[in-house]
Amino acid sequence: MEWFESGWGLSLVVFLPLIGAVVLLAIPKAEEETQKWTALLFAGASFVLSVLLVFRFDFGEAGMQLGTNVDWITAINSSFHIGVDGISLPLVVLSTFITLLSIIYSWEHWPEPHNPKAFLILILILATGMAGTFVALDLILFFVFFEVVLLPMYFMIGIWGDRDEITIPVFNITTQMRLYASIKFFLFTLFGSAFMLLGFLVLYFKGGRTFDMLELASNGAEGLLGSGLAVWVFAALFLGFAVKVPMFPLHTWLPDAHTAAPTVGSVLLAAILLKLGTYAFVRIAIPILPEQSQNWAPVIAILAVIGIIYASLACLAQTDMKRLIAFSSVGHMGFVMLGIATMTPIGINAAIIGMVAHGVITGLLFFLAGSMSHRYHTREMARLGGNQTLMPIMGAILGFTAMASLGLPGLAGFWGEFMALLAAFSPAAGLSTTLFRTLMVIGAVGTVLAAGYLLWMLQKVNFGEPKDEWAGHEFHDVDIFEKMAWVPMIIAVIAIGIFPRLVFGATNDSVIDLVAKAFGG
Amino acid sequence: MIDYHALAPELILAGTVMAVLVVDMLPVRKYWTAVIGLVGLFATIVPILTLGFCESLDFCASSGVREMFGGSYVIDTFSLVLKGLFIGSAFVAVLLSVGYLESDRFWQGEFYFLMLASVLGALVMASSRDLVTMFVGLELVTGPTFLMAGWRKGEARSNEAALKFFIIGVLSAAVLLFGMSLVYGVTGELTFTGIRAGSVGVLDGDLSGLFIIGVLFTILGFAFKVSAVPFHFWTPDTYEGAPTPVTAYLSVVSKTAGFVGLLAICYLAFGEVTTLWGTGLWVLAALSMTVGNLIALRQSNVVRLLGYSSIAQGGFILVPFGAAIAADVTGADLEEAFFATVTYLVIYAFMNLGAFGVVIAVGNRLRSGEIKDWAGLFSYAPGLATMLGLFFFSLAGIPPLAGWFAKLVMFRSVLASGSGWAGALAVIAAVNSVIAFYYYSKVVISAFMEKVPDGVPVAEIREGRTAPSLQFALLLTTLGVVVIGVYPPLVSGLAEAAKTFATGF
């Protein structure tokens, strides 16, 4: 197993899906069964290996493990440096897990215009980009993986997305939802990442001529930059990461993208892609620019809390079920960012368990929303209703997931929110306790609002009598592929809810180490 | 004494040019003129390789830099890398032309004769180290292209393209010569090293103003060649009117030749006035990117869109020159900038030739270059549509396609110096790369996400085959864009080797 631990295992987890995508290219378009099995094989292998990583991982060790560092682009001093620690490990497993389930779910649920081959290729490329971002320890490598996810998601939304006509307000152009949403998604992210790249380059030149994240942190790159420049560098990184999270007020691409995307697209977007931004804050911004992170922490925290409240209120105004879930994502990511902004081990632990929980729970919610709109041919909550009667199992799962999403103790969603608020009670030294406690109170109001809109959604969708228009319709309840995709997620939600140590056990040491190195605590 | 080994690439290519004319007179199919041209280009690569790896070859007498004709003609790694690039691009350009020229009654022999003669000029430029040789080389590159632009004789647009190009070309030659004559006049030197040495004394004397004017006019002359804004007016019309393979050639080989001249003159001859040309090219870079991109947003024709895109790309290639704007720019920073320009040029050649290849292939079948007519391309020609996506997103600089690395080193070169102005250029470039994405994606959206318009003979097109030569060209460029994107050292190694004379500041 030596080869496995010397970086090959991790590389395989990242690149197996990509190899699968290349293999798929060679399979004729008509042979759909072969395509599906191939994709399943590669995604499955990637997942199994990532689980194997967990068993090979030394939980007593805070630093990077199982990685490697080989030359890549020597001309610019960039190397293929990968590795996992307790912070990235859960996220790597999450990404391979959700990818695998997405392929299982897709088995019999192809959005129009069909073409499973192209769709599976995109999922697999996405998988490589997502896992790669979580293991990259070189800024350029990170940038490449961070951007690799854009194209597949763009095509997924643009080709298989929602075909409703919409009129864009300012330009007065009528276009299809999917076209508008896909380009908006791309332009926002590209804008952020273009500046992020500039920030990386300044870090390189002024921070000791290295792109290596660990070296930059241990070099004290921030001191080398000087505070005048460090502000700008942090601002550039912030722009790149915050668009991806997305933080208020840069979130406007998200509801459109989520609503327009095909089911699997929404799931992957919500479950993994958003985490790339929050992860980058933890992995890059805090260790490399600790002082600036601390200076910016109040701003981040305030924006996070505005996001929580704003998203909750926006949810209450939605008529479209998928859009409601999309806005709820903005709110949940607000809790994650609030946790990070406290700059304490508790807050960052909260952020990571929040990310994992949100990935599973909101992923499941989007699966449900997709399956329901597939059956009802509408996402209008006003037309739904009585789902519990029409499709008892689907209704039960929806009820369960909504409870998890609103942060019911005992389920996964609870820990992230509760601990983020707890951390805000006593933020890191140097941060204003008054401000953070105020924010804590407002954030707590947000949890109440979240309960409000989720229960309201349940009431509209699940309860009551079915509308007259559905009389005489025969609805198929949850099918076998849906069960195979959803049951593991439900188990994960319960397991993490009852044994949060599943995540904390991995993260805690690394987080304490990270905070100690950054702030000298 | 003449070093025939060093001159072998030029000699072989000159021989090929003649051979093409001879074959054209023989009673064989005109197709053979293209074959001779391709074989000749391929043969030219051999001496370039033996010169490049001279050290490890037994028969190779003297290695290292070879100077001839009193330092006017130099073979170093820079010239070898660029010659390789010219030959490679010309090879693809010929491949793009074959099917196109055969599809109609064009004069094939003469076409390849002119194209190869123009490539010969580019080879000369890569080695020339004095004003006269540089000028002769540049005119040899440009002269034949005036004719090639008007190759579709019956069409008014093609005539317009050639005429506009000719008039602007002559004007730019005049501007360039004027600048060169001033530089020669005040320094009394023709070779670049001589000019640099002479300029030290001139800058302290009364004639420094004249020297500065000379430098600016020389740079303006090249600005026409690389179609930098505001000297770009000819570009869109010429690109649209000329036969598409010619446009591909113009936008890659001829443009790269302009940049090669600019590199040699700026870094070697004008090495004492880096801030001067740094400032001038800073402005041109910012304008080219911004204006090129903004106008490209409004285009509805693919070729015209690529025309403006190539203006904007030219701006990105100029960005590293703008790094020299800082008064305290160091030798290491200039090396970085030089490296970035060469890297960008190599990657640009792959992706732009590929993009034009797809345009030719699709244009052949659809008989239209309007973006809206390309709607739904993916549904009936998935292979071509996928390549279209690859090349256009590579031009936009999206990883993991080659263009991202070009953009990265471009940003890197301006941030290296750490000056405020250079940083500002980086921000302008960053905003521009977002704008550029929008219009590149416009074509992709049309091809992938929209419905096939009525009246497109889908079944017929699906049956249709792309000419084998064009398929080969697309294969080469696709491989290039994907492989370089994943493993950039392939290009960065070459560019690293090429920065021979960027040192010594």
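**Reading a two-chain predicted model**

Modeller: B:Val486 is partly exposed, at a relative accessible area of 48%. Partly exposed lies between buried, under 20% relative accessible area, and exposed, over 50% (1.4 Å probe, protein chains only). The model is predicted: local features need pLDDT of at least 70, side-chain atom pairs count only at pLDDT 80 or more, and totals for chains, interfaces and linings use all residues. Residues are numbered from 1 along each chain as its sequence is written, chains are lettered from A and ligands numbered from 1 in the order in which they are written, and side-chain values use heavy atoms, leaving out hydrogens and water.

Biologist: Which helix holds B:Val486?

Modeller: Helix α19 of chain B. Helices (H or I, at least four residues) and strands (E, at least two) are DSSP runs, numbered from the N terminus.

Biologist: Which residues make the nonpolar surface patch?

Modeller: Patch residues have over 30% relative accessible area and no salt bridge; like charges are joined within 9 Å, nonpolar side chains (Val, Leu, Ile, Met, Phe, Trp, Tyr) within 5 Å. Areas come from the Shrake-Rupley method with a 1.4 Å probe; for residues, only the protein chains shown count as cover. Here the patch covers about 760 Å² and includes B:Phe472, B:Leu479, B:Val486 and B:Tyr487. Helix α19 (residues 468-486) of chain B gives the most, with 7 residues.

Biologist: How many residues does each chain bring to the contact?

Modeller: Contact means heavy atoms within 4.5 Å. Chain B brings 37 residues and chain A brings 34 residues.

Biologist: What area is buried between chain B and chain A?

Modeller: Interface size is often given as the accessible area lost when the parts come together. The loss is summed over both parts (1.4 Å probe). Between chain B and chain A about 3100 Å² is buried, and carbon and sulfur atoms give 82% of that. A salt bridge needs a side-chain nitrogen of Lys or Arg within 4 Å of a carboxyl oxygen of Asp or Glu.

Biologist: Is helix α6 of chain A mostly covered or mostly open?

Modeller: Mostly covered: 11 of the 11 residues in α6 (150-160) are buried. Among them are A:Pro152, A:Phe155, A:Gly158 and A:Trp160.

Biologist: What does A:Leu449 touch?

Modeller: Not counting residues up to four places away in sequence, A:Leu449 touches A:Ile309, A:Ser312, A:Leu313 and A:Leu316. A:Leu449 is partly exposed, at 21%.

Biologist: How do β3 and β4 of chain A run?

Modeller: Two strands pair if DSSP finds at least two bridges between them. Strands β3 (residues 165-168) and β4 (residues 173-176) of chain A run antiparallel, joined by 4 bridges. A:Glu165 stands opposite A:Gln176. The hairpin has 4 residues between its strands, and A:Asn172 in the turn has a positive phi of about 60°.

Terms used
Buried area is the accessible area (1.4 Å probe) that two parts lose on being put together, summed over both.
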